Amino acid sequence: MSEQRNLVEVKDLLVKFPIADGGRRSFIRPVDHVSFAIKPGEVLALVGESGSGKSTIGKALVRIVEPSEGTIHVNDQDVTHIKRRELVAYRRYVQMVFQDPFGSLNPTRTIEQHLTFPLKKHGERGTNVSTSVDELLERVGLTPVAETRVKFPHELSGGQRQRVAIARALAVNPKFLVADEPISMLDVSIRAGILKLMNQLREDFNLAFLYITHDLASARYFGNRIMVLYGGKVMETANSDELIRHPMHPYTRLLLAATPGSGIRGALPETSNKAPNLVEGRKGCPFSDRCPLVTDICREQDPPIVQVSETHTTACHHV
Amino acid sequence: MSDRKPVLEIEDLSVAYQTANGLVNAVNDVNLKVYPEEIVGLVGESGSGKSTMAYAIMRLLKGDAFVTKGHIKVMGEDLYALSPKELRKFRWNKISMVFQSAMSALNPVMTVQTQIVDTLTSHRPEMSKAEAIKRAGELLDVVRIDRKHLNSYPHELSGGMRQRVVIAIAIALSPGFVIMDEPTTALDVVVQRSILDQIREIQQVEKFAVLFISHDFSLVAELASQVAIMYAGRIVELTKSGTLRLGERHHPYTEGLLRAIPHLTADEVVIEGIPGTPPNLVNLPSGCAFYPRCPLATDECRKARPNLYQTDNAIIECHLFKGDREVQHV
């Protein structure tokens, strides 16, 4: 896979939002100079807690939020600031599946209408549309197709709705899917089915994924590589097994120790549970106010990126 | 264990909701006992009836929900026989509850101290205000929140701190039994872990029993000594938590759940969902409620509700365990 060219290339991505800070206008940086690449058919799992910037990165990639700095290249095209027609054309490459299958479907439209819309929007006409709807529903396992087509979202279970959302994303034949916590709102017995479906799609269409999650176990199952985020910065990136077995960054270790079933026993290192500070102008490592290994340098300087192995990097002063 | 008196005794409990589509049978003939100082986990998917059961135990069912059958005894006392005044004294002194969403469990326009003091004085009227204020400070120490937050409002606290305050309120009057309904579900893993550690720590000091409700298997397995697995309003298995893994003898539903979760450290990562969806509680399937989704179902499963069988580590409601000793109650 390593000789293949990158499908997605993100360099120094920075997203900032204005906030009101006692009347003064200042900014927070939910995504702070993040770089990564994804190859065709590869799944990059983005893991982090709330506030780590993982969803914002996903939204920037499908261009729901506008990047402030940095570049996004998809399929060798610079899509960082494209507009209108170009943007519509770009979304034929990239689609998104959202966390909440109850909120992401229109309650007054049938499943058929949900799928017809993107098909027509992106150029299909006539009887082709109907055949494509059937194919899509079959693809995601919503059979019998004829029955599903005429249903409304409220007639489906959460897992089935998420399948509709995936079918809708597939309607335009994308090469790349951003899946933002697609299973976190589903019941345990349903989750595995959705994960397996996504796995199958990756194989069948050579589909690449940015899989956004807070759950390391599912990241390990579905992701080829895992990228751990904290406070808008990348803490550690490695192949999934490697990251779970040999975590280098203190934050990754903390996350692993906190995950139930991790096998790492004993009390967690005593750290504050403060949310990361995202305000622009903050210095040093975002994890420094919770890190058990913190020293003065962490609060002053951005940590260097340490190359642990060819496929394993971590950003820490103390590795 | 059986020589001690249970703090919670549920006998043949059924709870139903009256809806436009007919009666929804949320809890069906459930039996469960929780003994002093024990942590029992209650696991199930959404709609399995676990929260309804908790509300029934607290006698908090409202509106269209009502107990159709059975008895609930907490420390030998039938909550449903108490007068409103007695009930008020019984709750929080003997039994209390940690609710799922800390944000909505706390009053947004009252400070932490006022809320704790309120709880203390309303459930224990003989307590003076000064005493209550003193106790509020102690309680924050117990859950390791700085006392300066006594004057904070809920929105000024982080999600984890809010949940700690809710826990502090639950243990304010040293009850013997606490129901915790998904207390950490909305929190990040690190915060979740530190709260669980804290619950365990406090539980060991204060010695109360816990019914811990969750949908997360691995979490409950770490915390509880026994785990009850609920499906379609029935407890289909009661098992020792240490044996919650594949290769042990379990109910097909439990096994399905175990197979459905990716494991963090397992060498082989194969997961398998349970086909189908949970049953409609208005029209429950005949026989075993799980048979339409069960890979091992036989004709018998469709016709007759299975009995309970005692294996080495569990009590299981399934026809497949006929070779084991039949028992009447979990």
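Predicted model: local features only at pLDDT ≥ 70, side-chain atom pairs only at ≥ 80, totals over all residues.
I take helices (H or I, at least four residues) and strands (E, at least two) as DSSP runs, numbered from the N terminus. With that settled, I counted 10 helices and 13 strands in chain B.

Residues are numbered from 1 along each chain as its sequence is written, while chains are lettered from A and ligands numbered from 1 in the order in which they are written.

**Chain B overall**

I boxed the C-alpha atoms of chain B along the principal axes and got roughly 65 × 50 × 45 Å. I call a residue buried if 20 or more other C-beta atoms lie within 10 Å of its own, exposed if 12 or fewer, and partly exposed in between, with C-beta atoms placed from the backbone. Buried residues make up 47% of the 330 in chain B. For contacts I ask that two C-beta atoms, placed from the backbone, lie within 7 Å. Of the contacts in chain B with a separation of 6 or more, 62% join residues 24 or more positions apart.

**Chain B against chain A**

How many residues does each chain put into the contact? I find 31 from chain B and 32 from chain A. On the chain B side, α7, α8 (217-223) and α9 (252-260) each give two or more residues. Helix α7(B) gives the most, with 7 residues. By class I get 12 nonpolar, 12 polar and 7 charged residues on that side; Ala, Val, Leu, Ile, Met, Phe, Trp, Tyr, Cys and Pro count as nonpolar, Asp, Glu, Lys and Arg as charged, and the others, Gly among them, as polar.

**A stop at Gln203(B)**

I stayed with α7 of chain B (residues 189-206) and picked Gln203(B), which lies in it. Is Gln203(B) buried or partly exposed? Gln203(B) is partly exposed, because 19 other C-beta atoms lie within 10 Å. Leaving out residues up to four places away in sequence, Gln203(B) touches Ile39(B), Phe208(B) and Val210(B). I also checked Ile171(B), 32 residues from Gln203(B) along the chain: their C-alpha atoms are separated by 9.6 Å.
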